[in-house]
Amino acid sequence: MQKTALPFHATAPSEWIQQLHKELQNQTDLLVFKDHIEGLEIDLTTAHQSVGIPPKNNTQWKQVFQLEIEDEVSANKILLAALMQGAAGLLLSSNKNNCDWTKVLDQIEVAYIDCWIILTDAAQLQQFDQANLASKKPAIEFLFNEGEQANYFSAFDFQQIGATISTQLSVLLLGIHRDLETNNIKTKYFFELGLGTQYFLELSKIRAFRHLLSRLEAIHDIQIQYELIAKTGCANKSLKDPYTNLLRQATEALSAVTGGCDALCIQAYDQLSTEGTDDFSRRMALNIGNLIQEEAQMKNTDDPLKNARIVEALTTAIVNQAWE
């Protein structure tokens with residue numbers, strides 16, 4: 001792609017504000033962003049200092065496919081299809097006490113992709129001590145969400161039941177802070193945030209989390225290696241309107257990428273339906289990520305909206321609110 005220099009010239013903030021007043025005429029109240037649910041009120045004509053977002057270790061984000069294992073053989077087929085359709089990583093879990101992971105991971109080369117498996121305790125880890133999994137186990141990253149081994153902290157469920165952004169972030173930060181207080185520091189952490197439909201608020205939420213995590217690092221005098229997973233949910237999806245669902249998934253996904261997630265998980269809109277997902281809905285979810293990466297050229301992102309007035313204002317407000 002040939003780069004073309006565009007004749008854009010910097011505009012003084014005073015000129016920009018004057019033009020806004022002229023165009024809005026008597027509707028200058030629109031220059032104040034208000035969200036009563038989030039408890040935010042921001043004057044967009046006032047300069048807001050950036051809180052500073054730490055740079056990402058890897059600017060390229062990955063598309064992750066999540067699956068709860070019920071039937072091992074059918075799960076294997078679904079996972080192989082997802083990898084062929086654009087997934088670069090797998091996020092797996094199972095409520096079965098005797099899940100046959102040999103069948104689940106058959107023909108899946110975990111040495112060349114990210115394979116994350118969520119476990120509740122060390123006892124489940126013993127399932128991977130089988131001889132036929134010995135070659136795969138070193139390449140798999142195990143995520144524990146309970147106990148001393150906890151390295152996986154999620155605010156996804158809070159977002160899905162309607163928690164405010166400040167609540168989502170503070171719950172997540174509190175869990176991390178308490179874990180760090182034990183001085184049982186993990187080699188790597190995994191953090192998960194759910195995605196809503198308010199584009200600028202959602203991308204600012206992810207930026208705010210990255211800043212707030214840096215504050216925790218300073219308090220505990222450590223540097224945390226982590227993956228930030230952003231995941232779409234089903235609370236705002238309708239089984240009767242798949243095309244609206246796809247649009248919502250697209251804006252949610254784009255806000256996550258623009259905000260600075262490390263991994264993006266776009267769940268099928270019928271994830272929680274009684275009949276379960278089908279090939280089409282899973283494929284469409286993966287296609288959204290493919291389009292953002294390849295067609296929109298958003299494969300590599302590192303705070304692309306830095307210094308944008310509304311984004312910096314929202315990020316600062318969310319940081320202050322969540323930290324308090």
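The structure is a predicted model, in which local features need pLDDT of at least 70, side-chain atom pairs count only at pLDDT 80 or more, and totals for chains, interfaces and linings use all residues. Residues are numbered from 1 along each chain as its sequence is written, and side-chain values use heavy atoms, with hydrogens and water left out. Helices (H or I, at least four residues) and strands (E, at least two) are DSSP runs, numbered from the N terminus.

**The sheet**

- Let's start with the strands: eight of them form an open sheet with parallel pairing, in the order E6-E5-E4-E3-E10-E9-E8-E7. Two strands count as paired if DSSP finds at least two bridges between them.
- Strands E6 (141-144) and E7 (152-154) stand at the edges with a single partner strand each, so one side of each has no neighbour in the sheet.
- On average, neighbouring strands of this sheet are turned by 25° against each other, direction ignored. Axes are lines fitted to C-alpha atoms, for helices over the stretch in contact, and angles run from 0 to 180 degrees between N-to-C directions.

**Strand E5 and its partners**

- Strand E5 (residues 114-119) pairs with E6 in the parallel sense over four bridges. Across this pairing, Ile117 has Phe142 of E6 as its bridge partner, and Leu119 stands opposite Phe144 in E6.
- Strand E4 (residues 89-94) also pairs with E5 in the parallel sense, over four bridges. Here Leu92 stands opposite Ile117 in E5.
- E5 is mostly covered, with five of its six residues buried. Buried means under 20% relative accessible area, exposed means over 50%, and partly exposed is in between (1.4 Å probe, protein chains only).

**A lysine in strand E3**

- Lys62 lies in strand E3 (residues 62-69), and Lys62 counts as buried because its relative accessibility is 15%.
- Leaving aside neighbours within four places in sequence, Lys62 is in contact (heavy atoms within 4.5 Å) with several residues, including Asp114, Trp116, Glu227 and Asp262.

**Helix H6 and its two partners**

- Two packed helices are described by the angle between their axes and the distance between the axes.
- Helix H6 (residues 165-181) packs against helix H10 (residues 309-323) at an angle of about 55°, with the axes 8 Å apart. That makes H6 oblique to H10. Angles under 35 degrees count as roughly parallel, over 145 as roughly antiparallel, 65 to 115 as roughly perpendicular and the rest as oblique.
- The contact joins Ile165, Ser166, Leu169 and Ser170 of H6 to Ile318, Gln321 and Ala322 of H10. By class, this contact of H6 with H10 has four nonpolar, three polar and no charged residues. Ala, Val, Leu, Ile, Met, Phe, Trp, Tyr, Cys and Pro count as nonpolar, Asp, Glu, Lys and Arg as charged, and the others, Gly among them, as polar.
- The axes of H6 and helix H7 (residues 199-220) come within 10 Å and cross at roughly 25°, which means that H6 is roughly parallel to H7.
- Among the residues of H6 that meet H7 are Ile165 and Leu169. The contact of H6 with H7 divides into twelve nonpolar, three polar and three charged residues.

**Helices H8 and H9**

- Helix H8 (residues 242-259) and helix H9 (residues 279-295) pack at an angle of about 45°, with their axes 10 Å apart. H8 and H9 are therefore oblique to each other.
- On the H9 side, Met284, Ala285, Ile288 and Ile292 meet residues of H8, among them Leu246 and Val257. Their contact has nine nonpolar residues, one polar and no charged.
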